[in-house]
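Hello,

Here is the structure I said I would pass on. Please open it first, then read my notes below.

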Amino acid sequence: MDAKQAFRMIKQGQVAPVYICFGTESYLMNEFIERLVEKLVEPEHREMALVRFDTGESPVDAILEEAETLPFLVPSKVVLVRDSVLFASGKESSKVEHRPERLLAYLEQPSETTVLVFLVPHEKLDERKKLVKAAKAADFVIPFTPLSAEELAQWIHKRATSRGRTLAKDAGEELLRRVGTDMHSLAAEMDKLILHAGAEGTITLEAVNELVMVATEQNVFRLTEELAALRTGPAIALYYDLLRQREEPIKLMALMVRQFRNMLHVKELAGQGYSPQQMAGQLGLHPYAVKITAEQARKFSLERLATLLSELADLDYAMKTGQIDKTLGLELFLLKTSSAGAS
């Protein structure tokens, strides 16, 4: 099942006995766990009905012994297990000895009074393992993948309406542009804007501009946009704003290198017929970041991007060896780049 279906089923009271939650979108995964616990456990019973394990510290036998033990003074319990050993394809090793065949048997006949949840903070599960195949066959697996740009926009609008507020379209677009794709940060900023708007109020573009700081990475996105548009003044002004925020020139340069490199990769993959979703998987980027990067990449030729990366490598060496002042070196690069253009 997918995450949307899993949320919907919990809301309808249809709870599975086992869940294998995996993926890189930790905010959605944590929200799913909260909804699950809220559905099954009264707040005053959480201490007795919520048990946590880590497969890096506890053997599967101990976890299953807890899962098979009847709950005490509560109708059901939730056993949460952080796992990078049993289901994951990651490199994390465990000194604890596990017997996966015990868990295989449990998946076939899980306890009726326990909901067993494995939290696997990895992009993929290890498809070669019998446990993964068995869990998939039983429909216990839920992927928590990053939302697309459209889904993120829908999510922040839904967050506003669920609190009785209206989010203006341009305000939502600016919020995403300023904060980026991190759902933890977006939720925190939305809660601040909701409070500012007041009951039945509207979250406006002006409120976003006034209350929401632009994340450093998003400022680097804007910086590359200014360079591509030959807007020297705004590019330099943005650079000095970042310096006033005590951002290190070397850190800013590293972010620029990453962005220009991503632009180069996106441009090359687009030429090979890759879709934005395929690019996101190939480059390890959020789909929204791929969308923004692709828009910027269209303003640069492949040759120009390669040249900029070469110039930044030379600048990095000069800055780190003391051949040029860090602040001045990056400023000169910005002046030269915005004057030369993107082609």
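Gln 259 counts as buried, because its relative accessibility is 5% and buried means under 20%. Keep in mind that this is a predicted model. Gln 259 sits in helix α13, which covers residues 249-271. Leaving aside residues up to four places away in sequence, Gln 259 touches Phe 221, Thr 224, Thr 293 and Gln 296. With Gln 296 there is also a polar contact, side chain to side chain, at 2.8 Å.

- Arg 102 and Asp 61: their side chains meet in a salt bridge at 3.4 Å, N to O. Arg 102 belongs to helix α5 (residues 100-108) and Asp 61 to helix α4 (residues 60-68), so the pair ties together parts that are 41 residues apart in sequence. Arg 102 is partly exposed at 24% relative accessibility, and Asp 61 is partly exposed at 27%. Asp 61, Arg 99 and Arg 102 are linked in a network of salt bridges.
- Asp 191 and Arg 159: the closest N and O atoms of this salt bridge are 3.2 Å apart. The pair links helix α9 (residues 183-197), which holds Asp 191, with helix α7 (residues 149-162), which holds Arg 159; the two residues are 32 residues apart. Asp 191 is partly exposed at 30%, whereas Arg 159 is buried at 13%.
- Lys 336 and Glu 311: this salt bridge has an N to O distance of 3.5 Å. Lys 336 is in helix α17 (residues 326-340) and Glu 311 in helix α16 (residues 302-320), 25 residues apart.

Regards

Conventions: Residues are numbered from 1 along each chain as its sequence is written. This is a predicted model: local features need pLDDT of at least 70, side-chain atom pairs count only at pLDDT 80 or more; totals for chains, interfaces and linings use all residues. Side-chain values use heavy atoms; hydrogens and water are left out. Helices (H or I, at least four residues) and strands (E, at least two) are DSSP runs, numbered from the N terminus. Buried means under 20% relative accessible area, exposed over 50%, partly exposed in between (1.4 Å probe, protein chains only). A polar contact is a pair of N or O atoms within 3.5 Å; within protein, one must be able to donate a hydrogen and the other to accept it, and residues adjacent in sequence count only if both atoms are side-chain atoms. Contact means heavy atoms within 4.5 Å. A salt bridge is a side-chain nitrogen of Lys or Arg within 4 Å of a carboxyl oxygen of Asp or Glu.
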